[in-house]
Amino acid sequence: MLVFISHSFENRPEFENVTDALELRGVSFWNPAEIRPGASLREQLRAAVEQCGLCIFVATRKSIGSSWCGAELGAFWGAGKPIIVYLAEASLTDDELPQIVQGDVWERRISKIAERAKELMAQKADDGGSGRAKRDSSVAQLTVEQLEKMIAGAVSLAAATAKDRVAVSGFDEVGSAVKNAAGKVLAGFQASETASREAPDDWSNRILWVDDRPQNNVYERKAMESMGLQFTLAESTDQALYILSTRRFAAVISDMGRKEGPREGYKLLEALRAEDKATPFFIYAGSNAPQHKREAALRGAQGSTNVAEELVEMVTRSLPMGSDLRGTSTDVAEA
């Protein structure tokens, strides 16, 4: 098993310093010189991530701004493989690092980086690389675009979760929230990939979202789009019912109060249940009170919440087997 060194190609001297320290300690690493001209760079990087047991991130302002490095870090973090942060540019502060590694322990000394890499690789050799193999394999099969989409989805979900608390706590929680959200996005993606290996259907990744202010839910939709879900938007009960009469959906998400009235979410649910008892229905509104959850369940909804992460979990759990979640889009239905 090898060490992967995530770096900007403009930081070649820093990369060579790391490789020299690893060679001195007998630690093998993946060399980007092995990249073959004329072959897919994405696929070669994917294969490299798969065969490497840990990642050393050479942190400079160039690498922090690199989308390739961001995708590489996302792959290793999502696979549960360790990331060692080498602070190669001494003036960098923790909050300038990619959010996925903010708060982690970093090191400026190459000798310490190499020693830690040697320890971790020895541990992996002792346990045979067991414990996370199944998850590693799944993540390693993702393309760079998919990994970038997962990272963007995690950031969006964290932002959606934190947005109602900004006035109280600012954005201090977002860094740690991204890590939690990344795990949820990865779990949703893996669940959808498992489902997609069954019989795919053209409706089974399509969600109808009803809200007269769709701009309020942009982050939530981006998070779920990163898992492969597609959305059709409606801004009124009548518009939603018309759409439902013409197309099938895997689930419906609705707000509660709209311009038509303060309990339009329940009106839509009642009208839907008169014709359709099966399509999962979720209320995403301003309350998370237990009595509102109970009322929603009694009326035939599968869930009610005002928490973005809870909504994402409920919706992804409800998806039918056979979902083909590889395409993403958001449609705005015409009135």
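A residue is called buried under 20% relative accessible area, exposed over 50%, and partly exposed in between (1.4 Å probe, protein chains only). The structure described here is a predicted model, in which local features need pLDDT of at least 70, side-chain atom pairs count only at pLDDT 80 or more, and totals for chains, interfaces and linings use all residues. Residues are numbered from 1 along each chain as its sequence is written, and side-chain values use heavy atoms, with hydrogens and water left out.

The protein contains 14 helices and 10 strands, taken as DSSP runs numbered from the N terminus (helices H or I, at least four residues; strands E, at least two). Of its 335 residues, 48% count as buried. Among contacts (heavy atoms within 4.5 Å) with a separation of 6 or more, 72% are accounted for by residues 24 or more positions apart.

Two packed helices are described by the angle between their axes and the distance between the axes. Helix H11 (residues 237-246) packs with helix H12 (residues 264-275) at an angle of about 25°, the axes being 10 Å apart. H11 is therefore roughly parallel to H12, a class for angles under 35 degrees, with over 145 roughly antiparallel, 65 to 115 roughly perpendicular and the rest oblique. Axes are lines fitted to C-alpha atoms, for helices over the stretch in contact, and angles run from 0 to 180 degrees between N-to-C directions. On the H11 side, Thr 237, Ala 240, Leu 241 and Leu 244 meet Glu 264, Leu 268, Ala 271 and Leu 272 of H12. By class, this contact has 6 nonpolar, 1 polar and 1 charged residues (nonpolar: Ala, Val, Leu, Ile, Met, Phe, Trp, Tyr, Cys and Pro; charged: Asp, Glu, Lys and Arg; polar: the others, Gly among them).

Arg 248 lies in the loop between H11 and strand S7 (251-254). Arg 248 counts as exposed because its relative accessibility is 55%. Its C-alpha atom is separated by 5.9 Å from that of Trp 203, 45 residues apart along the chain.

Ala 88 is found in the loop between strand S3 (83-87) and strand S4 (106-107). With a relative accessible area of 23%, Ala 88 is partly exposed. Not counting residues up to four places away in sequence, Ala 88 touches Glu 14, Val 58, Ala 59 and Thr 60. Asn 11, 77 residues apart from Ala 88 in sequence, is 9.3 Å apart from it in space, C-alpha to C-alpha.

Glu 313 belongs to helix H14 (residues 308-318) and, at 31% relative accessibility, counts as partly exposed. The C-alpha atoms of Glu 313 and Met 224 are separated by 9.8 Å, the two residues being 89 residues apart along the chain.
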